[in-house]
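Open the model in your viewer and keep the sequence panel beside it. The tour below says what to select at each stop and what is there.

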Amino acid sequence: MKTAKPTTVDEYIDGAPREGQKHLRDMRAVLKKVTPEGRESLKWGMPVFEENRILFAFAAFKSHLGFMPTPSAMKPFEVELKKYKTGKGSIQFPYEKPLPKTLIRKIASYRARDVRENDARWM
């Protein structure tokens, strides 16, 4: 029997691999503190935070938590990110290691600030 697709972030977390659920909850808590006005939703089947546009997404995979803050938000943190597997706009945090909450907060804060400043220029 096929399970229904999640329609909320809570459903997404509850349906994620057990190993990833704590990381998902911790990631969500960090991102909520950074963007208290942000709206949570699901896009592309994964949780996102939005403020006029998508700020970042995160998702559970088999052995890691993915964080997608965009390439421009990752650039200032290249040195700190060297110990993680990264893609063009994504970072992988393995479940067997503690989630680097301080680093995530710094990257998310940078991304949110950058979006707010750019949006303000166009208003």
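How many helices and strands does the secondary structure of the protein come to? There are 5 helices and 6 strands; here helices (H or I, at least four residues) and strands (E, at least two) are DSSP runs, numbered from the N terminus. This is a predicted model, in which local features need pLDDT of at least 70 and side-chain atom pairs count only at pLDDT 80 or more, while totals for chains, interfaces and linings use all residues. Residues are numbered from 1 along each chain as its sequence is written, and side-chain values use heavy atoms, with hydrogens and water left out.

**Whole chain**

Colour the chain by secondary structure and follow the sequence: the pattern reads α-α-β-β-β-β-α-α-β-β-α. The protein is as compact as a globular protein of its length, because its radius of gyration is 14 Å, close to the 14 Å that the globule rule gives for 123 residues. The radius is taken over C-alpha atoms, and the rule is 2.2 Å times the number of residues to the power 0.38. Along the principal axes, the C-alpha atoms fill a box of roughly 50 × 35 × 25 Å.

Of the 123 residues, 43% count as buried. Buried means under 20% relative accessible area, exposed over 50%, and partly exposed in between (1.4 Å probe, protein chains only).

**Strand β4**

Select H64, which is found in strand β4 (residues 64-68). Is H64 buried or exposed? It counts as buried, because its relative accessibility is 14%. Not counting residues up to four places away in sequence, H64 touches A59, Q92, F93, P94 and Y95; contact means heavy atoms within 4.5 Å.

**Aromatic rings**

Now show the side chains of the aromatic residues. The structure holds 5 aromatic pairs. Rings of Phe, Tyr and Trp (its six-membered ring) pair if their centres lie within 6.5 Å; planes under 30 degrees apart count as stacked, over 60 as edge-to-face and the rest as tilted.

Pick F93 again, this time with Y84: the two form an edge-to-face pair, 5.1 Å centre to centre with 75° between the planes. Both Y84 and F93 are buried. Next take F49 and F58, a stacked pair with 6.4 Å centre to centre and 25° between the planes. F49 and F58 are both buried as well.

**Two loops**

Most residues other than glycine have a negative phi. Which loop holds N52? N52 lies in the loop between β2 (46-50) and β3 (54-60). Although N52 is not a glycine, its phi is positive, about 70°. N52 counts as exposed, because its relative accessibility is 65%.

Move on to T70, in the loop between β4 and α3 (71-74). T70 also has a positive phi, about 90°, and is not a glycine. With a relative accessible area of 22%, T70 is partly exposed.

**Helix α5**

End at R105, in helix α5 (residues 101-121). R105 counts as partly exposed, because its relative accessibility is 40%. Which residues is R105 in contact with, leaving aside its neighbours within four places in sequence? They are V30 and V34. Finally, draw a distance from R105 to L65: the two are 40 residues apart in sequence and 15 Å apart in space, C-alpha to C-alpha.
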